[in-house]
Amino acid sequence: MPYRTLQATLRQQLPGVVMMSAGRITDPAEAQTLLDHNEADLIGLGRALVADPAWPIKSATGRTYDIRYCVSCNTCWDTMITHRLPMACINNPRVAWVDEVDWWPTQKVEKQKRIVVVGAGLAGMEAAWVAAARGHNVTVLSKGSEPGGKARLRTHLDGGEEVSSVYDYQTTAAQRAGVKFVGGITAQLKDVIALKPDSVVLATGSEMVKPEWLP
Ligand SMILES: Cc1cc2nc3c(=O)[nH]c(=O)nc-3n(C[C@H](O)[C@H](O)[C@H](O)COP(=O)(O)O)c2cc1C
Ligand code: SF4
């Protein structure tokens, strides 16, 4: 909440004026703290609702564990303003879809497939939980002992801790959908074949590319 001090000062200077606090309020607990300390009358949410438009419903019904939290990466801004593309969000693949609010697959598949996902980074985990929630039998083979892949590295850097919320949500969703997770294995062909898959998703990660603008 980068503007908290500023807004609190403004509030003291303007008694009786109704104030909305806004700016990087991502967690219901943060919003509640501002209200409890009488630092705001209203809470303004921008990106928190881009990342999860069900934020208020989940907050009001004790499902904060189920929120896809905004990680303040500004990809949403960047796609629209810099690249002139439709908005994208790194924690909400369905952003701006008509059915995005509190989305969970409702239509089950007619024929269940055995699906093996190799790689438990953000792409692999998203594919895994959605396929399982649709009714498929999904196993994830992960080199790391826990989901997250390279995003986990980012969380070790200053300011990157919040990124964990992307794979935390996916982990919870995968458990709810019944995904089988096998960690600590560098999957070989024989490991995949042994599971007799109908489909295989290779999500073993992308290569880092040096930005062209770097000298
Ligand atoms: C897609 C997008 C575009 C934005 N463009 C601007 C902008 O042009 N100028 C600006 O001052 N703020 C801009 N913002 C920041 C909003 O003013 C900010 O999101 C708002 O204060 C709420 O904060 P929050 O998103 O952290 O909740 C933009 C935000 C988003 C998500
Ligand atoms: S793209 Fe990043 S900053 Fe924008 S809403 Fe999603 S998580 Fe938040």
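Around ligand 1 lie 13 residues, and the closest are Ala-22, Arg-24, Gly-46, Arg-47 and Trp-77. A residue is near a molecule if its C-beta atom, placed from the backbone, lies within 6 Å of it. This is a predicted model: local features need pLDDT of at least 70, side-chain atom pairs count only at pLDDT 80 or more, and totals for chains, interfaces and linings use all residues. Residues are numbered from 1 along each chain as its sequence is written, while chains are lettered from A and ligands numbered from 1 in the order in which they are written.

Ligand 2 has 14 residues around it, with Arg-47, Val-50, Cys-70, Cys-76 and Cys-89 nearest. Two elements give two or more residues to this shell: helix 3 (47–51) and helix 5 (75–82). Helix 3 gives the largest share, three residues. For ligand 1, helix 3 and helix 5 each supply at least two residues of the shell. Helices are DSSP runs (H or I, at least four residues), numbered from the N terminus.

The table sorts both shells by class. Ala, Val, Leu, Ile, Met, Phe, Trp, Tyr, Cys and Pro count as nonpolar, Asp, Glu, Lys and Arg as charged, and the others, Gly among them, as polar.

| Shell | Nonpolar | Polar | Charged |
|---|---|---|---|
| Ligand 1 | eight residues | three residues | two residues |
| Ligand 2 | eight residues | five residues | one residue |

Now the domains. The assignment gives domain 1 (4–82) and domain 2 (114–202); such bounds come from an automatic or database domain assignment. Their centres, taken over C-alpha atoms, are 30 Å apart. Six residues from domain 1 and six from domain 2 make the contact (C-beta atoms, placed from the backbone, within 7 Å). The domain 1 side has three nonpolar, one polar and two charged residues.

Definitions and conventions
Two residues are in contact if their C-beta atoms, placed from the backbone, lie within 7 Å.
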